[in-house]
Every structure is written in C-alpha cells, then in structure tokens.
Amino acid sequence: MFSVLIFIHSILRWGILLFGVYAIVISAQRLMAKKDFSKGENLSHVLFVIFCHTQLLVGLILYFISPAVDQAFKSGAMMSNSEYRFVAVEHIATMIIAIALIQVGRTLSKKATTDNGKHKKALVFFTIGLLLILSRIPWNKALMPGLN
C-alpha cells in the first residue's frame, strides 16, 4: 500500500504543476487584457484546487505511515539531520501552508466583486502557493515516482 500511495503522490505532483501553471497563466493573461472572469478560468482554478487537496490527503496518509518519517522521529536528531528535517518537518509544513494559501486565493477570488479582483486574488495566492510547492518538491526523486 505504501508504494502505491507514493506512486500516486508522485504522479499527482505533475497535475498540480500543470494545472497550477495553467491557472496562473490564464489569470495573468485575463488580468492584463482586462477580460471577464470566464467559466474556463473558473474550471482551471477548480482543477488546481482539487489536485492540491487530493495531494494533501494522500500526503497526510503517507506522513503517518512512512518509515522515513518514523525513523526521523525515532532518531532523536531530526532537526540536526537535513534529510530527516526535510521529510518530517519542512516538506509537510510548507505544503500545508502552500495549499492553504491556494485555497484562500480560490475563496477570495470567488468572493471578489469585480473580474479584475478575481484575477488578481487568484494570481497572487496561486503564484505564492505554487512557488512554495516548487521549493519543497524533492526534485532529486521527482522523475522516478516509484523511488520516493
């Protein structure tokens, strides 16, 4: 089960990157062109958020069953060992913050009264969230999903 969840978690990251970049680019283009908030843009936001929440759910399950996280906590040297710290603290904390920011951006975008406001809120929060995600993806393992 662990290896299946790792594989799913690794594949979902590419959906987040794809839909995140797409949602950000669409929001930026429509903001600069001063266009209305469209159903297509709304769909791109929804897909980005769905992938983020699914990834978070799978990631939380993995966190609690991961031998690497268990080893990090049992080592007694979690904060002094960069690999343990990344697995047990940095990755999960940053991802939770990033996905919370993405959700805030989605909510504020939906509540904005003007199309310009909708584009701006999504653009700002999605960009910050995606940058945080990019900063904590274990890139050395990102191309080989089964080995994470």
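In which helix is the place of Glu-41? Glu-41 belongs to helix H2, residues 39-65, where helices (H or I, at least four residues) are DSSP runs numbered from the N terminus. The model is predicted, so local features need pLDDT of at least 70 and side-chain atom pairs count only at pLDDT 80 or more, while totals for chains, interfaces and linings use all residues. Residues are numbered from 1 along each chain as its sequence is written, and side-chain values use heavy atoms, with hydrogens and water left out.

- Apart from neighbours within four places in sequence, Glu-41 is in contact with Ile-26, Ser-27, Arg-30, Asp-36 and His-119, contact being heavy atoms within 4.5 Å.

**Helix H5**

- Among the buried residues of H5 are Gly-117, Lys-118, His-119, Phe-125 and Phe-126.
- The buried residues of H5 pack against helix H1 (2-32), H2 and H4.

**Aromatic pairs and a charge over a ring**

- The whole structure contains 3 aromatic pairs; rings of Phe, Tyr and Trp (its six-membered ring) pair if their centres lie within 6.5 Å, and planes under 30 degrees apart count as stacked, over 60 as edge-to-face and the rest as tilted.
- Phe-48 and Phe-126 form an edge-to-face pair, at 5.1 Å centre to centre with 75 degrees between the planes.
- This pair links distant parts of the chain, with Phe-48 in helix H2 and Phe-126 in helix H5 (residues 115-136), 78 residues apart.
- Phe-48 and Phe-126 are both buried.
- Tyr-63 and Phe-64 are also an edge-to-face pair, because their ring centres are 5.4 Å apart and their planes stand at 90 degrees.
- Tyr-63 counts as buried at 16% relative accessibility, whereas Phe-64 counts as exposed at 69%.
- The charged end of Lys-118 sits over the ring of Phe-37, 5.5 Å from its centre; the criterion is NZ of Lys or CZ of Arg within 6 Å of the ring centre and within 35 degrees of the ring normal.

**Ala-93 in helix H4**

- Ala-93 lies in helix H4, residues 82-111, and counts as partly exposed at 34% relative accessibility.

Note on methods. Helix = DSSP H or I, 4+ residues; strand = E, 2+ residues; numbered from the N terminus. Buried < 20%, exposed > 50% of the residue type's maximum accessible area, 1.4 Å probe, protein only.
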